[in-house]
Amino acid sequence: MIFQLEKLKNTDYSIVKEIYDYYIENTTATFHLDLISIEELKSTVPLNHPKYQSFLIYSEGNICGYCYIGAFKTRAAYDRTAEITIYLKPESTGKGIAFGVINALEEIAKSVGISVLIACITGENTESIRLFEKCGYEKCAHFKQVGEKFGRVLDVVDYQKIIR
């Protein structure tokens with residue numbers, strides 16, 4: 001599937017919020033229980049940072065999701081590692097877009113000196129787990145029963161890939 005990444009602009013946060021709100025209300029892909037404000041979103045999804053970058057994902061001329069490379073930890077010793085995040089509109093999943101986006105984000109990460117990417121995934125999100133495994137990520141952590149949403153106690157798994 002052909003896609004394009006366009007750097008996120010301040011005016012794009014309302015689109016990002018719309019996509020993320022779906023996942024808050026309908027899935028366990030995020031552990032947010034209530035809708036968040038754009039201000040809260042701005043604290044998570046980086047903008048105009050030289051290393052940690054965010055993008056809108058376009059396919060066939062339409063916005064189909066967003067993605068970003070964010071700080072793994074705030075201490076300088078972790079600067080070689082980043083977290084990778086992708087959210088697609090529900091109608092855009094299962095089309096191969098995310099696979100291409102992961103590969104593109106890996107190249108972007110390499111270009112700014114990042115050597116390790118980590119994906120933090122809810123344990124029951126088997127589609128994301130399969131996707132990251134298909135992209136060469138390996139399970140590196142399994143946190144049991146750490147979250148609760150929709151009346152279910154949930155695990156979190158971390159997948160990592162050394163990219164350089």
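This short talk walks through the salt bridges in one predicted model.

Some ground rules. The model is predicted, so local features need pLDDT of at least 70, side-chain atom pairs count only at pLDDT 80 or more, and totals for chains, interfaces and linings use all residues. Residues are numbered from 1 along each chain as its sequence is written, and side-chain values use heavy atoms, with hydrogens and water left out.

A salt bridge here is a side-chain nitrogen of Lys or Arg within 4 Å of a carboxyl oxygen of Asp or Glu. By that rule, the count is seven.

Start with Lys 9 and Asp 12. Their side chains form a salt bridge, 3.8 Å from N to O. Asp 12 is buried, at 7% relative accessible area. Lys 9 is partly exposed, at 41%. Buried means under 20%, exposed over 50%, and partly exposed in between, with a 1.4 Å probe and protein chains only. Glu 6 joins Lys 9 and Asp 12 in a network of salt bridges.

Next, Lys 161 and Glu 106. Their closest N and O atoms are 3.2 Å apart. Which elements hold them? Lys 161 is in strand S7 (residues 152–162), Glu 106 in helix H3 (residues 97–111), 55 residues apart. Helices (H or I, at least four residues) and strands (E, at least two) are DSSP runs, numbered from the N terminus. Lys 161 is buried, at 18%. Glu 106 is buried too, at 5%.

Last pair: Arg 152 and Glu 124, at 2.6 Å, N to O. Arg 152 is partly exposed, at 37%.
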